[in-house]
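Please keep the sequence and the structure in view while reading.

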2 protein chains.
Amino acid sequence: MDNLELIKEISRSSPTKIILLVIDGLGGLPNPETGRTELEAAKTPNLDELAVLGICGMADPIAPGITPGSGPGHLALFGYDPISCLIGRGVLEAIGIDVELQPGDVAARGNFCTIDKKGLITDRRAGRIPDKKCAELCKLLDGISINSVKILVYPVREHRFVAVFRGENLTPDVTESDPSQVGVTALAIKALNSEASKMADIANQFIAQAGTRLAEHHPANMVLLRGFSRQPNLPTMSEIYKLKPLAIAVYPMYRGLARLVGMDVASTGTTLEDEFKTLKQNYANYDFFFLHVKWTDSAGEDGDFGRKVQILEQIDKTLPAVVNLEPDVLVVTGDHSTPSVLKGHSWHTVPVLLHSKYCRPDAVEKFSETAFLSGGLGRLQLTQVMPLAMANALKLTKFGA
Amino acid sequence: MDNLELIKEISRSSPTKIILLVIDGLGGLPNPETGRTELEAAKTPNLDELAVLGICGMADPIAPGITPGSGPGHLALFGYDPISCLIGRGVLEAIGIDVELQPGDVAARGNFCTIDKKGLITDRRAGRIPDKKCAELCKLLDGISINSVKILVYPVREHRFVAVFRGENLTPDVTESDPSQVGVTALAIKALNSEASKMADIANQFIAQAGTRLAEHHPANMVLLRGFSRQPNLPTMSEIYKLKPLAIAVYPMYRGLARLVGMDVASTGTTLEDEFKTLKQNYANYDFFFLHVKWTDSAGEDGDFGRKVQILEQIDKTLPAVVNLEPDVLVVTGDHSTPSVLKGHSWHTVPVLLHSKYCRPDAVEKFSETAFLSGGLGRLQLTQVMPLAMANALKLTKFGA
């Protein structure tokens, strides 16, 4: 019996409510000039008060040293083993924009990018072109057919798109073309086993054709593909936890991931205030709320320490909108750390705060990485947050006699 | 190789002695009026001194968020994986009162309870009737035969009894009749698979007959059955640890569990002083002592914060009787938390204190949940306590060359 099977056996429906506030890329690293992390630099009186009232700890999203993508990070948050339940980026992006994948479809995440005359990548995100431009360029690429495989291309946001390969005998076991760095050429896509050679061949032909069609569209004059994947089949959160869950997220990928584990997905606006308003409007109709805040991660990825601090302060200011709903359990955490000094996701543990009537508060008085080290949750696994939230909501019965 | 197989390979017999003092339901939650837990409210100078001399930590009995029954909690304490070694409550109770189960027997834990005229349960424990009354009522029910299945009914204590179903083709895969709440009717027992339909049918008929026979015996005018189970087959502690273990416990279930892992079980009295006296009398003849103190859990289950504090103080006062034996290793811990404010077992971590000549003391100076958070054992699994005790007793050889 694995952990989710155990939880499924002892979970029960009840009127108590859980809010899981996910601040994407929450954890950080010290600014070399000040020695303080983004959280330590930010003024967060409301989060600090929650830290006083709640129980705190630091969680490994996957395992020490492992830097998670957004998919594994969120699966872990929802309590699923992120290693055995791996979901490809392509599938996530597709689901997030309501693309209905068919059995056998292989989806890939695409970036428009900039290459120079030698074919070397100069910007992996093509200067983050506007959404409208992205949609126009996707039309240029959508519907290409290669050896009876049709490639459907859907815009996501900015430089991001989804490519769905639909045809016979396609498998996702291929490498990526994105080298994850600039100054080099894109990589050829290679089959990881003999059955994937068709997929690799079609993908490489598609990329070549895309390059031709985009040649005059600098800065978006090439594409990078990664995250080739097929849709997995996960038990839903309702099945496991007996919850009625709602997801509130501005960015498509997080809505997609929530849908994959069976959450309803709310329509919401584009700001933090919109999200909190959506939460309030739907509060009576659900008992679990996954509230996703993206901008901390974006600021960290851009290496913008000050902006990450600002966003944390903005979240803190609007936090009473969440606290005032008086959920039985409020969890504030992240899917991983995104330290500005690393300009990307990292392996560092991520702060976890849980507040409930029965949380056994610790002596922590500040919402920060260092303060949380002495918290009552100690060092935990991110997958353990959901069972703790369920327990604190009194939604888990006793295990064994 | 799982953990127990590893321990079995490297364990060795030696003259050193280990005492495992289990204070049932040890951990608590803050009293809302004072903000202090039962342990923080109690004056425990002897436990505090041990905390100064020893190494401390907080343990998850099963996993974060999981509330264990007494069976899984104790199996974890003895080092057995409590999830794969699940033991039914019925079997535990039966073993604890020296009922010799035969192959094929299915045992259930029974409660005498009170129902009103509508059949709604008003007290799941029938006012905790005296032991003598329990024995009288069990005689009323003992020996009923239904379709060639004989039902043997044995009194335990207060409102508790064991029903053993002896006959052909019985399997324990049935649901319970105890709804775990008052104000509702008892549940019909249902088969969980096709092979269990006979068991469910017999159990429901037995309950109906019991109701008739008990009708005039208010408050004990009905029975609730749960924990239908068969005896498992576990490796003994002598096989795994090369120990000669003795159990000292007032309550039957804990003696039963100890017997299940191959411990000898001492005759003892009904008080803490009796138990400590029994320990002293048997100290020369064993090298491992499981000493179980039940009353903390009972007070917690009754929601009696003050009584739990008193019992903790009483344990502390008599503790020198244990310490003065100068065991090579003394462990003080619990099988789970039973916070008075929750009136039941809980998922919270439980304090672990280990004292030995080689324990590497930490800076903890107080025996409490909050103080132990900064202890040298950190946050650990309860199953890891036995290997630590064995190591500190120098009973484990090096692993690998």
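The model is predicted: local features need pLDDT of at least 70, side-chain atom pairs count only at pLDDT 80 or more, and totals for chains, interfaces and linings use all residues. Residues are numbered from 1 along each chain as its sequence is written, chains are lettered from A and ligands numbered from 1 in the order in which they are written, and side-chain values use heavy atoms, with hydrogens and water left out.

**Relation of the chains**

**Sheets**

- Strands of a sheet pair through backbone hydrogen bonds, either parallel or antiparallel. Here, strands (E, at least two residues) and helices (H or I, at least four residues) are DSSP runs numbered from the N terminus, and two strands pair if DSSP finds at least two bridges between them.
- Chain A holds an open sheet of eight strands with mixed pairing, in the order β10-β9-β11-β1-β12-β13-β2-β14. At its edges stand β10 (264-265) and β14 (378-381) of chain A, each with a single partner strand, so one side of each has no neighbour in the sheet.
- In chain A, β9 (residues 245-249) and β11 (residues 288-293) are parallel and are joined by five bridges. A249(A) stands opposite H292(A) in β11(A).
- Chain B has an open sheet of eight strands in the order β10-β9-β11-β1-β12-β13-β2-β14, also with mixed pairing.
- In chain B, β12 (residues 329-333) and β13 (residues 350-356) run antiparallel and share five bridges. The bridge partner of V329(B) in β13(B) is S356(B).

**Cavity and pockets**

- On a 1 Å grid over the protein atoms alone, a cavity is a set of points where a 1.4 Å probe fits but cannot get out; a pocket is an open set with protein on both sides within 12 Å along at least five of seven lines; lining residues have an atom within 4 Å of a point.
- The whole structure has one cavity of 30 Å³ or more, and the largest cavity has a volume of about 170 Å³. Its lining has 21 residues, and those closest to the centre are I55(A), C359(A), G376(A), H348(B) and T349(B).
- The largest pocket contains about 1,800 Å³ of space. Among its 49 lining residues, T397(A), K398(A), R124(B), S180(B) and R226(B) lie nearest the centre. The element that gives the most to this lining is α9(B), with three residues.
- The second largest pocket has a volume of about 770 Å³. Of its 32 lining residues, G69(A), S70(A), R89(A), R109(A) and R226(A) lie nearest the centre.

**Cysteines**

- A disulfide is counted when two cysteine sulfur atoms lie within 2.5 Å, and the count over all chains is zero.
- C56(A) is buried (under 20% relative accessible area; exposed is over 50%, partly exposed in between; 1.4 Å probe, protein chains only), with a value of 0%.
- The sulfur of C113(B) is 13 Å from its closest cysteine sulfur, in C134(B), again too far for a bond. C113(B) is buried as well, with a relative accessible area of 0%.

Methods. Points joined across faces, edges and corners; volume = space filled by probe spheres on them.
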